Amino acid sequence: MIRPIVLALTAACLANLSPICRAAYAAQPEPEVVDGVAAVVNGDVVTYSQVRQVVAPREKLLRAQFSGDDLVKKVKEARQAALQDLIDRQLIIQAFKKENFQIPDHFVEERVHDIVRTDFGGDRNTFIKTLEAQNYTEGEFKKMEMEKMIVQAMRSKNVKLASIASPAKVDEYYKAHREDFTSKEQVKLRLIMIPSHASDGNAAAQKAMADEIFGKLVNGAEFERMAQLYSEDSTREHGGDWGWIERKTLAASLEKVAFNLPVGKISNVVEFSGNYYILKVEDKKGGETKSLADARPDIEKKLLQLEAQSLQEKWLTSLRSKAFIKTF
């Protein structure tokens with residue numbers, strides 16, 4: 001007896017109205033690579049062309065970001081991940097068939113209708129021509145869409161989530177990840193840098209100059225003007241203006257001074273790495289941590305995502321353990 005799998009499928013269809021040609025047909029196989037068997041899953045074959053089709057969008061990004069050995073490594077990792085995804089997909093489809101489920105034909109027809117309406121403005125002729133340009137028949141496309149629906153439906157059926165994360169887990173996550181709910185601390189900084197010229201024997205004179213500049217600042221001299229006159233930092237022309245900076249921007253000893261200075265205050269002369277520095281913090285922002293109450297919705301969402309990932313991996317591990325899988 002054929003068993004319909006309608007409840008899970010309905011949710012899957014609502015959540016997975018993905019357009020054609022933006023994902024499934026994002027790129028064609030690379031012509032220089034000969035097709036062949038990438039894996040056998042309980043007798044069903046996964047081909048290299050299928051792997052390339054899945055990984056093509058990712059490879060395009062990688063080729064824009066990496067080169068040489070790094071590119072080779074990243075592409076290999078991406079293809080391996082794509083192959084594993086296709087193996088898992090085949091296992092899910094096999095499990096669907098083994099349980100004697102069936103997707104009613106009208107679900108697939110409605111799915112295709114939605115794609116034609118959404119992505120092609122209702123123009124079925126353009127839809128068919130697009131399929132032909134991508135070397136797919138309408139029947140092949142419907143089969144692919146049905147398999148997507150099967151995968152989504154089976155995941156909905158087998159990955160049962162709690163409706164809400166427990167308060168204890170939310171509290172535990174908040175305590176362990178407080179930094180994730182703390183805005184980045186920043187200071188608006190101006191800086192004067194006087195090199196010591198120690199190798200020229202001028203360190204004492206340069207230190208005296210730095211102290212003199214500091215004295216002028218304490219007595220009301222404008223920091224911006226002093227920086228323009230005396231600083232040898234790259235921001236001299238801008239009055240020593242570093243703008244808004246985050247932690248890890250300055251060397252540790254200078255960062256400590258900058259982030260501990262009250263707004264509007266000027267530091268003493270700071271000696272670091274053979275140079276003398278005077279810092280002024282004009283403003284501060286960030287560093288505030290969300291309360292647990294404000295962070296709770298984000299934490300609950302995150303915990304449910306983590307639970308879904310864990311349950312799905314357990315389910316897939318179970319399917320893999322019962323299968324014959326050979327990769328090439």
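Which strand pairs with S2 in the antiparallel sense over 3 bridges? The partner is strand S9, residues 325-327, where strands are DSSP runs of E with at least two residues, numbered from the N terminus, and helices are runs of H or I with at least four. Two strands pair if DSSP finds at least two bridges between them.

This is a predicted model, in which local features need pLDDT of at least 70 and side-chain atom pairs count only at pLDDT 80 or more, while totals for chains, interfaces and linings use all residues. Residues are numbered from 1 along each chain as its sequence is written, and side-chain values use heavy atoms, with hydrogens and water left out.

Select S2, residues 37-41, to begin: 4 of its 5 residues are buried, so the strand is largely enclosed by the rest of the structure. Buried means under 20% relative accessible area with a 1.4 Å probe, protein chains only.

Then select helices H2 (residues 48-65) and H3 (residues 68-98), which pack at an angle of about 145 degrees with their axes 9 Å apart; axes are lines fitted to C-alpha atoms over the stretch in contact, and angles run from 0 to 180 degrees between N-to-C directions. The contact, meaning heavy atoms within 4.5 Å, includes Val51 and Leu62 of H2 and Leu71 and Leu86 of H3.

Methods. Buried means under 20% relative accessible area, exposed over 50%, partly exposed in between (1.4 Å probe, protein chains only).
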